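Please keep the sequence and the model in view while reading.

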Amino acid sequence: MRGKILFAAGLAVGYVLGTRAGRERYEQLKNAAKGFWNDPRVQHRVDQVEDFVKEKAPEVAEFVSDGAKKVVDQVTGRGAKKPAAAKPAPAKPAARKPAAAAKKPAASS
């Protein structure tokens with residue numbers, strides 16, 4: 001559903017920017033968008049999303065902050081935990097290609 005809304009919004013923006021229909025058509029589109037945005041059902045959903053974001057923002061900020069600290073510690077080498085040294089993979093013998101039959105060039109007469 002979200003993809004369809006974004007697609008429709010993209011079409012509308014492209015039409016407004018690309019059309020030469022003039023100011024009248026622009027005003028019609030603007031009023032339609034304003035009417036959509038001011039619809040009580042849309043505003044109800046907007047309020048729900050705002051509440052959700054306000055509720056989750058501290059968790060997201062903490063998660064991002066912790067992740068950034070870990071990355072900085074790894075890059076600067078200040079991390080308390082050092083990653084285990086990676087063991088090199090055992091060397092595998094090189095795969096041999098089957099010997100191709102030696103072709104002798106045809107003698108030309």
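The sections below treat the basis of the model, its salt bridges and its surface patches.

## Basis of the report

The model is predicted: local features need pLDDT of at least 70 and side-chain atom pairs count only at pLDDT 80 or more, whereas totals for chains, interfaces and linings use all residues. Residues are numbered from 1 along each chain as its sequence is written, and side-chain values use heavy atoms, with hydrogens and water left out.

## Salt bridges within helices

Side chains of opposite charge can pair when their charged atoms come close. The structure holds 3 salt bridges, each defined as a side-chain nitrogen of Lys or Arg within 4 Å of a carboxyl oxygen of Asp or Glu.

One of them joins Glu27 to Lys30, with 3.7 Å between the closest N and O atoms. Both residues belong to helix α2 (residues 23-37), where they are 3 residues apart, about one turn of the helix. Helices are DSSP runs of H or I with at least four residues, numbered from the N terminus. Glu27 is partly exposed at 25% relative accessibility, and Lys30 is also partly exposed, at 38%. In this scheme, buried means under 20% relative accessible area, exposed means over 50%, and partly exposed lies in between (1.4 Å probe, protein chains only).

Another salt bridge links Lys56 with Glu59, and here the closest N and O atoms are 3.9 Å apart. These two residues of helix α3 are 3 residues apart, so about one helical turn separates them. Lys56 is partly exposed with a relative accessible area of 27%; Glu59, at 46%, is partly exposed as well.

## The Arg41 and Asp39 pair

Arg41 and Asp39 meet through their side chains in a salt bridge of 3.1 Å, N to O. Arg41 counts as exposed, at 65% relative accessibility, whereas Asp39 counts as buried, at 19%.

## Surface patches

Patches comprise residues with over 30% relative accessible area and no salt bridge; like charges are joined within 9 Å, and nonpolar side chains (Val, Leu, Ile, Met, Phe, Trp, Tyr) within 5 Å. Asp47, Glu50, Asp51 and Glu55 form a negative surface patch. The place of each charge is taken as CG of Asp or CD of Glu. Asp51 lies in helix α3 (residues 40-76).

Conventions
Areas by Shrake-Rupley, 256 points an atom, 1.4 Å probe, with all protein chains shown as cover. Lys, Arg positive; Asp, Glu negative; His and termini not counted.
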